[in-house]
Amino acid sequence: MNTQKKRNRAVIAFMAILMLFGLGLNHYKKSANTFSSEIWRADLTSRHRMANDIVTGKIVLGKSKDEALNLLGEPSEYSPHLGQERHGKPQNIGAVIMKYDMETDVIGRLKKMLCLDLENDTVILVYIYHQK
């Protein structure tokens, strides 16, 4: 009977260790994908893991341009947002797209960017763009 109790305790201890390991791993995976302004600015290679959190978490949506810059830093590039064509020419509607480089594929041909569409200096749309 004493042997049985020892075996049960060992099984319970082993299961507890597995549960704690699983919880720690889950926390690590979540924290690795959670947006951090400091990591975003410092480590270009980590940006792709945080991009989904920025898009789905609405971290910058509705914020001013200055607030977005405080969170993400200077973008890789600014582009004018072109509206619908009039008389065969695209019309600039006064909006701007802030583009942040994230990663390039192994061959170096496809580039992912986090894009923020701004209108009247307010972020109105956040998305991931795949550029050839």
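Modeller: In this predicted model, a residue is called buried when its relative accessible area is under 20%, and exposed when that area is over 50%.

Biologist: Is S79 buried or exposed?

Modeller: S79 is found in strand β1, which covers residues 77–86. Its relative accessibility is 15%, and because the limit for a buried residue is under 20%, S79 counts as buried.

Biologist: With which side chain does the side chain of S79 make a polar contact?

Modeller: Leaving aside neighbours within four places in sequence, S79 is in contact with A95, V96, I97 and K99. Among these residues is the one that also makes a polar contact with S79, side chain to side chain at 3.5 Å, namely K99.

Biologist: How many aromatic pairs does the structure hold?

Modeller: F35 and W40 form a tilted pair, with 6.4 Å from centre to centre and 55° between the planes. W40 also pairs with Y100, where the ring centres are 6.1 Å apart and the planes stand at 65°, so this pair is edge-to-face. The number of aromatic pairs in the structure is 2.

Biologist: How many residues apart in sequence are the parts that the pair of W40 and Y100 ties together?

Modeller: W40 has a relative accessible area of 0% and is buried, and Y100 is likewise buried, with a relative accessible area of 0%. W40 lies in helix α2 (residues 37–42), whereas Y100 lies in strand β2 (residues 89–104), so the pair ties together parts whose separation in sequence is 60 residues.

Biologist: Which residues form one aromatic cluster?

Modeller: F35 is buried, and so is W40, and these two form an aromatic pair. Together with a further aromatic residue they make up one cluster, whose members are F35, W40 and Y100.

Conventions. Residues are numbered from 1 along each chain as its sequence is written. This is a predicted model: local features need pLDDT of at least 70, side-chain atom pairs count only at pLDDT 80 or more; totals for chains, interfaces and linings use all residues. Side-chain values use heavy atoms; hydrogens and water are left out. Helices (H or I, at least four residues) and strands (E, at least two) are DSSP runs, numbered from the N terminus. Buried means under 20% relative accessible area, exposed over 50%, partly exposed in between (1.4 Å probe, protein chains only). A polar contact is a pair of N or O atoms within 3.5 Å; within protein, one must be able to donate a hydrogen and the other to accept it, and residues adjacent in sequence count only if both atoms are side-chain atoms. Contact means heavy atoms within 4.5 Å. Rings of Phe, Tyr and Trp (its six-membered ring) pair if their centres lie within 6.5 Å; planes under 30 degrees apart count as stacked, over 60 as edge-to-face and the rest as tilted.
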